[in-house]
Amino acid sequence: MGVAARVEPSVEQFVAAPLRKMLIDGKWVQAASGKTFETPDPATGKVLARVAEGDKEDVDRAARAARRAFDEGPWPRWTPAERERLLLKIADLIEANGLELAQIETLDNGKSLGESQNVDVPSAAATFRYYAGWVSKITGDTNPTDPAFFNFTLREPVGVCGQIIPWNFPLLMAAWKLAPALACGNTCVLKPAEQTPLTALRLGELLQEAGLPDGVVNIVPGFGETAGAAIVQHPMIDKVAFTGSTDVGKQIHRESAGTLKRVSLELGGKSPNIVFADADVSEAVKGALVGVFFNQGEVCCAGTRLFVEEKMHDEFADAVAKAAGSMKQGPGIDATTQVGPLVSQEQLERVTGYLDIGKKEGAKVLTGGERNTAPGLEGGYFVKPTVFTGVRNDMRIAREEIFGPVVALIPFKDENDAVLQGNDTNYGLAAGVWTRDVSKAHRVARAIRAGTVWVNCYNVFDVTSPFGGYKQSGYGRELGRAALELYTQTKSVWLRI
Ligand code: ADP
């Protein structure tokens with residue numbers, strides 16, 4: 001399969017196995033149907049690994065196992081200290097196997113190894129470690145009711161959580177979903193994206209190594225319309241946590257009504273990154289690049305609408321285009337790569353489709369604007385970092401999520417215009433503001449309708465800080481204390497004295 005020379009022997013072994021099986025009730029099993037699917041290496045387009053393809057029957061087995069583990073298994077009877085120790089062990093194992101996980105992630109998703117190693121893997125470990133700390137601090141209240149009674153609340157787990165994750169941060173999204181759910185005492189059925197199932201499966205092995213009881217986490221790779229839909233419809237699953245596109249989020253919202261599941265949705269975005277003329281321009285240029293080209297632009301909160309104050313628009317556009325044009329593109333596994341390939345052929349077609357749409361709409365390509373088929377990259381899904389100018393906020397490239405390395409520069413007149421245009425979108429996931437004026441920074445941060453606002457920075461994350469959407473970017477907050485709300489429910493207990 002051609003990866004041996006570039007990766008650890010254990011990674012070569014992991015991807016070269018005849019079949020990567022799914023994890024149900026503590027056992028690695030084939031799909032009930034016997035079906036399998038291939039996951040390609042996006043840098044070459046060649047087959048990377050073959051994976052068991054979960055469907056309705058497998059989801060049913062996984063949901064029953066998770067139900068048993070929740071209702072009968074040892075897991076709910078573990079002390080908080082035992083659960084905490086287990087989550088800490090998982091964090092340690094992620095770190096101990098960090099290079100291997102990073103290489104698998106890069107081969108499967110395409111992202112640069114530097115990002116996998118320095119961002120995704122440590123953040124995944126940090127997520128388990130942070131929620132380990134919460135296990136012993138999830139408490140109820142005693143309430144000042146009529147003294148003839150004693151009333152208190154219990155914060156109890158929701159039950160079986162169905163967790164459907166995307167392909168842009170496969171390991172990290174698995175950690176964002178599993179760590180808080182486990183900390184709160186739930187059991188899980190996790191479905192990784194069909195494009196990138198491998199690190200979730202490797203994580204499953206580490207969960208077992210850490211000593212997680214059978215059935216507490218079940219991992220079912222498969223496709224959205226089959227395995228994903230089966231999770232959303234399954235009557236034994238109490239909650240669905242989804243990260244992915246807004247269209248699928250809406251579908252899950254509708255489908256989950258049948259069993260009235262608790263639902264949390266982290267969906268798409270078309271985030272405004274607003275640069276005022278009084279900003280530190282060189283920092284703002286760097287921030288604009290990080291905002292849109294990090295992870296090839298396959299980031300739901302990417303700052304894809306780059307609003308620039310009119311009076312400095314042209315020079316700023318030139319600086320961004322120059323920097324974007326000089327970013328090193330190549331296979332993620334090469335240490336020098338800054339921008340890797342997109343995840344799939346489908347994503348390549350979608351992004352290049354938007355490049356055509358932008359050109360037809362009259363936007364001007366300052367740099368990029370096409371697939372990259374330089375020698376050595378021909379088989380991969382590479383799109384050159386692209387900067388469009390002459391964009392209006394009502395063009396499709398400014399309204400629809402592209403999910404690739406494409407930024408649309410839009411001029412604005414003043415603060416009011418920036419906020420009006422910035423908010424003129426169906427989405428509300430994130431925003432950036434660049435200015436040296438502290439009062440202006442505060443005013444704009446409040447006026448923007450989005451779940452996260454970065455001032456003089458972009459794409460900064462920490463496990464302690466909540467993340468999620470306004471408007472059609474979804475509801476519910478992941479990370480921080482907020483995620484405990486997603487994975488617990490409150491019981492009020494009355495005793496007559
Ligand atoms: P993208 O369009 O960027 O691939 P999706 O929202 O389609 O993003 O995918 C995110 C996750 O949702 C993946 O795990 C995918 O398999 C899953 N998914 C897609 N369609 C459905 C569906 N109808 N029901 C449940 N899950 C789905």
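1. Helix H3 (80-96) and strand E6 (149-157) each contribute at least two residues to the lining of the second largest pocket. Strand E6 gives the largest share of that lining, namely 4 residues. The model is a predicted one, and the remarks below should be read accordingly.

2. The volume of the second largest pocket is about 310 Å³. Its lining consists of 17 residues, and those nearest the centre of the pocket are Arg83, Ile138, Arg155, Pro157 and Cys184. Sorted by class, the lining of this pocket comprises 10 nonpolar, 3 polar and 4 charged residues.

3. Strand E6 also belongs to an open sheet of 3 strands, ordered E5-E6-E20 and paired in the antiparallel sense. Strand E5 (142-143) and strand E20 (488-496) form the edges; each has a single partner strand, so one side of each is left without a neighbour in the sheet. The antiparallel pairing of E5 with E6 runs over 2 bridges. Thr142 has Phe152, in E6, as its bridge partner.

4. For Glu194, a polar side-chain atom is found 2.6 Å from an oxygen atom of the ligand. In the case of Ser245, an N or O atom of the side chain is 2.7 Å from an oxygen atom of the ligand. Gln251 places a polar side-chain atom 3.3 Å from a nitrogen atom of the ligand. Taken alone, the ligand would expose 560 Å², and the protein buries 86% of that area.

5. Across the whole structure, a search finds 5 cavities of 30 Å³ or more. The largest cavity holds about 60 Å³ of space. It is lined by 15 residues, with Pro272, Thr425, Tyr427, Gly428 and Arg449 closest to its centre. By class, the lining of the largest cavity divides into 6 nonpolar, 6 polar and 3 charged residues.

6. Two points may be kept in view when the model is inspected. Strand E6 supplies 4 residues to the lining of the second largest pocket, and E6 is also placed between E5 and E20 in the strand order of the open sheet.

Key. Residues numbered from 1 in each chain as written. Predicted model: local features only at pLDDT ≥ 70, side-chain atom pairs only at ≥ 80, totals over all residues. Heavy atoms only, no water. Polar contact = N/O pair within 3.5 Å; in protein donor to acceptor, adjacent residues only side chain to side chain. Areas by Shrake-Rupley, 256 points an atom, 1.4 Å probe, with all protein chains shown as cover. 1 Å grid on protein atoms, 1.4 Å probe; cavity = no way out; pocket = protein on both sides within 12 Å on 5 of 7 lines; lining within 4 Å. Points joined across faces, edges and corners; volume = space filled by probe spheres on them. Nonpolar A, V, L, I, M, F, W, Y, C, P; charged D, E, K, R; others polar. Pairing = 2+ DSSP bridges.
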